Amino acid sequence: MGLRDDLERYREVGEDRREDLAEFIQYGDLGQSLPDEIHIPIKIVDLPEFRYDQRDRGGVGQGNPDVGDPVGQPQPQPGDDGEEGEPGDESGDHDYYEMDPEEFAQELDDELGLELEPKGKEVIEEIEGDFTDMTKTGPDSTLDFERMFKEGLKRKLAMDFDPNYVREAMGVESWGPDEVFNWAREKNITVSKRWVEENYDALSAEERTKWESIEEMERRVTPMSTAQKIREQGIRHVPFRREDERYRYPEIIEEREKNVVVVNIRDVSGSMREKKRELVERTFTPLDWYLTGKYDNAEFVYIAHDAEAWRVERNEFFGIRSGGGTKISSAYELAAAILEEEFPWADWNRYVFAAGDSENSRNDTEENVVPMMENIPANLHAYVETQPEGKAINATHAEEVERHFAEADNVAVSYVNGPEDVTKAIYEILSTEAE
């Protein structure tokens, strides 16, 4: 038993993990994670240690006792001399436990109450599902006899009649085949005129004058219902027809790969100082991991811009120094070109996330950025404004985007003024797409 076992036990404690997840979301993990795992920081308060049965005095202990130290008693530790000691300046010990992106996404869903369901785009295979579809031809082993029987039974119920009851109507004095046939029609008895004529001709003269009126016959004779006939005679005479035959075959199910591309856009102009850059990373990192866990295949594109835009690697995206002017539309122009060439909308889910301090060149947002956001198909566009030291007078980009897309269901704008706003921003962004 050691630290690894203790951490494994820690992973099973739900509430503690959620606190660490919230800490990760708020403060981020700057470069410790690998492509297939994510490291969540946890504080080590008490290092794990062995515990012994007091009745068992044997075995190997821990620590480095001196000769003469009593066995079974704890060794003195710094601060155990009765004095409180001075507050320390050193940071506490920390460690990490590993979590794969899918597990991280599930934890974040549970923590924030999200219901984001990934959309499948590209068909990767077709598989046979349950035998739920029907065809008029097929092998005998797949014949749906139950359906065929029901169709035949419905036909029998619709067309069946009591022939003896109709023959009794033929015994009304002064009635002929025409009167009997018309009476049967009025009673919704599905009998043909030919059948009436043939059966009438078979009656004797005495049988044709049995009843003085049809009313007398109806009072004296009770017809047998089809249900009663089936109970008494069984179902031997249920009429099956060729057109009733249906053969079951498996439903063809398309398995669609859930592909996603996330375009992260970051303002690296001169106004984006260290605190603003840190807030960008603390917001984008959990979003990256969340979408990695949600989708089968996740690709990431990182774009940095000042007055111009260029594609960078992830480590450059978060580490690049600030400088230069600002033209946000340059980043969207590059994003549009990359998406069109490498990630067609028909095959890929798209997320376009941008972040900065909302400062932009004059009229660029209204004249350029907004139209391009409208013309780039995406599951979600989001802009995160980072202003930890108060909003600048000319920082209007987020407000302009929010105002223009107030009624849109695929655009989210969030404001992050400090680490405590990160969780709320992530929820606002992802819940917009989930809706």
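1. A residue counts as buried under 20% relative accessible area, as exposed over 50%, and as partly exposed in between. Glu342, with a relative accessible area of 36%, is therefore partly exposed. The model under discussion is a predicted one.

2. Glu342 forms a salt bridge with Arg311, at 2.8 Å from N to O. Distant parts of the chain are linked by this pair, since Arg311 lies in strand S9 (residues 309–312) and Glu342 in helix H12 (residues 329–342), 31 residues apart. Arg311 is likewise partly exposed, at 40%.

3. Nine salt bridges are found in the whole structure. Another of them joins the side chains of Lys187 and Glu218 (3.4 Å, N to O). Lys187 is in the loop between helix H6 (177–186) and helix H7 (193–201), whereas Glu218 belongs to helix H8 (residues 214–220). Lys187 has a relative accessible area of 43%, and Glu218 has 28%.

4. Within helix H7, Arg194 and Glu198 are four residues apart and therefore separated by about one helical turn. Their closest N and O atoms are 3.1 Å apart in a salt bridge. Arg194 is exposed at 62%, while Glu198 is partly exposed at 45%.

5. Helices H13 (residues 364–375) and H14 (residues 397–404) pack at about 50°, their axes being 11 Å apart; the two are therefore oblique to each other. The crossing is right-handed. H13 contributes Thr365, Glu366, Val369, Val370, Met373 and Glu374 to the contact, and H14 contributes His397, Glu400, Val401 and His404. By class, this contact comprises four nonpolar, three polar and three charged residues.

Technical notes: Residues numbered from 1 in each chain as written. Predicted model: local features only at pLDDT ≥ 70, side-chain atom pairs only at ≥ 80, totals over all residues. Heavy atoms only, no water. Axes fitted to C-alpha atoms, helices over the stretch in contact; angles between N-to-C directions. Parallel < 35°, antiparallel > 145°, perpendicular 65-115°, else oblique. Left-handed = near helix turned anticlockwise from the far one by under 90°. Contact = heavy atoms within 4.5 Å. Nonpolar A, V, L, I, M, F, W, Y, C, P; charged D, E, K, R; others polar. Salt bridge = Lys/Arg side-chain N within 4 Å of Asp/Glu carboxyl O. Buried < 20%, exposed > 50% of the residue type's maximum accessible area, 1.4 Å probe, protein only.
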